[in-house]
Amino acid sequence: MPYALCFLLFMIGLYCAVVKKNMVKIVIGIMVMEYAVNLFLIMLGYRTGGEAPIIDKTHIDPQTGQIIASFISSSVDPLPQALVLTAIVISLGSLALMISICIRTYGEYGTFDITEIRRLRG
Amino acid sequence: MSIPLPVFIAIPLIAAFLLPIFGKKRKAIATFLANLVTILLFVLAISSIGRTDVYEVGKWPIPLGINLVLDGLSSLLLLAISVVSSAAMLFSTRYMEQYTAKSKYLSLFLLMVAGMNGVVLSGDIFNLFVFLEIASLASYALVGFGCGPEELEASFKYMVLGTIASILILFGVGLVYGNTGTLNMAYISKTIQASGLNAGLAFALGLFITGFGLKAALVPFHAWLPDAHPSAPAPISAMLSGILIKTLGIYALARVVFNVFGVSVEVGWLLVVLGILSMVAGAFLAIGQWDLKRLLAYSSISQIGYVILGIGLGATLIAKGANVAWASLAILGGLFHLVNHAVYKSLLFLTSGSVEMSTGTRQMREMGGLAERMPVTRAACTVASASIVGVPPFAGFWSKLILVIAAVQAHLYWVAAIIVFVSLCTLIMYLKVQRYVFLGELPESLQGIKEHGGSMAVAMVFLACLCALMGLLLLVPSLKHNILDPAVGVLIEGLGYSTRIISM
């Protein structure tokens, strides 16, 4: 169920990016898609009732020196969280660039409507 | 002595962040340093030919850590990237004097090179995505570098489609991680071999083909390219058309399809169909263009079709279990065409930049008779046109010949016919370029123009010599054995990639 909702969010973002005529709304649509994918990555590592994947002394078996099995089976997968952090930084960069291009385009054309910004064709 | 692999990424990355320090006052130093970096990368790429190596970042063994892999395919692409970037950088030395903020331009340029080198070397699928985004973001900014209305429009269009492509790729990476539990390409491939493709992985493969296809501007996804490539400054058009779409699109697609997921007949046919569509549609659209750079951009779509056709044909033949010799011939044709196209298309864009700088226009109707005024540009453009059309001694002829032979051997005579037919269309469009730009009457408004020599001429002559000599890469056995064959071997080997990387 959460995966279906996440996919729905992705589709809403895609619809917004493809259909809307306003440049800023297109950017918003792309960011909604980005967040849907980030949410999907987080859900991959999620466990109901799981614990934070931080090892301290109580998680190490004193006899063998190994990490105890119950910790491994109950902790949340930390890798998707690291991926999402990276993905957020990248999307921040592209968002900043997109918005700055929008602002410059508004300065040149005086409108955000992409149907009026059409000097290139062919 | 073998240098560690991260050097290929670290040198341009460090230089990219150092150059803005020089600012406006000392931009000569910045330009010199940037040229030094690209030439150094060229030397390093030559020295790494024939070497296969795996580097574990931070000494973490895979699959815990990230690894960088240098094999035949990577070193072929590294070589192509460094050739095109050295020539484009040399050309920008003089060409970019028209623009302000040159050191920022150089910094973005090197960032793009760092991203592409990273894509080519990465052995980890998420790391590949990160480097792909570094190169893409730098290229979005470079397309809009002129900040005129048309540049901004093209940049926005490119950026929207490029970002959607990146999101699809990230989604695919997530699905792959969810289904295999690893991000290392070798281990993903091992898991897929053990358990086979399930629905989630097949969907991920579809997302990868769409995402990388958008980056490579294959035909249903090509809408951004004819706007973005002409709007960029000429050296950047050369970089984008020459190498960026190949590294981010074709290389990544080939690596994922052949080495990670493994080839199947359906995927092979999909690639062949995409390739033929791109070839035919790109060629037809190019003939009608009157804007010089737009014509070249459409021609890039058509030429990318040849590359993907060769690779797709190889995939189909491997999946059918046909004779490996014919499959490797098809892939050899595709990859050799990739390298050739990198050289001659970047040369054509550089000559278009030289023409535009002298005449101040890109409309072919307003030009004519430039042959006498711009002899070097004219000579370079003729060599490149002859090469792209496939006139025998030049490079383009050999790669197209191999593709035709491979298609005939696979008993796909109609594919061979289409290849020859598209070559004919290419001939028409480049005769048009020669006729309207260089021959005919010189219009009165262009009487006083003169050619810009110096570093621009050096860059063009360098690439023109390569165009004429590229055939040797195929004809001299030792060069073929060291440069092309290992690259073909990597794709033919397919899923054997995983055992090779894991045991290294």
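1. Y55(B) is partly exposed, because 16 other C-beta atoms lie within 10 Å of its own; a residue is called buried at 20 or more such atoms, exposed at 12 or fewer, and partly exposed in between, with C-beta atoms placed from the backbone. Y55(B) belongs to strand β1 (residues 53-56) of chain B, where strands (E, at least two residues) and helices (H or I, at least four) are DSSP runs numbered from the N terminus.

2. This is a predicted model, in which local features need pLDDT of at least 70 and side-chain atom pairs count only at pLDDT 80 or more, while totals for chains, interfaces and linings use all residues. Residues are numbered from 1 along each chain as its sequence is written, and chains are lettered from A and ligands numbered from 1 in the order in which they are written.

3. Leaving aside neighbours within four places in sequence, Y55(B) is in contact with P4(B), L5(B), P6(B), N67(B) and L68(B), contact meaning that the C-beta atoms, placed from the backbone, lie within 7 Å. N67(B) is 12 residues from Y55(B) in sequence, and their C-alpha atoms are 5.5 Å apart.

4. Helix α16 (residues 395-409) of chain B has 15 residues and reaches 22 Å from its first C-alpha to its last, close to the 21 Å expected, a span defined as 1.5 Å times one less than the number of residues. Its buried residues include W398(B), I402(B) and L403(B), and the helix is followed by H411(B), whose phi is positive, near 60°.

5. The contact between the chains takes 29 residues from chain B and 27 residues from chain A. On the side of chain B that touches chain A, α6(B) gives the most, with 17 residues.

Note on methods. Contact = placed C-beta atoms within 7 Å.
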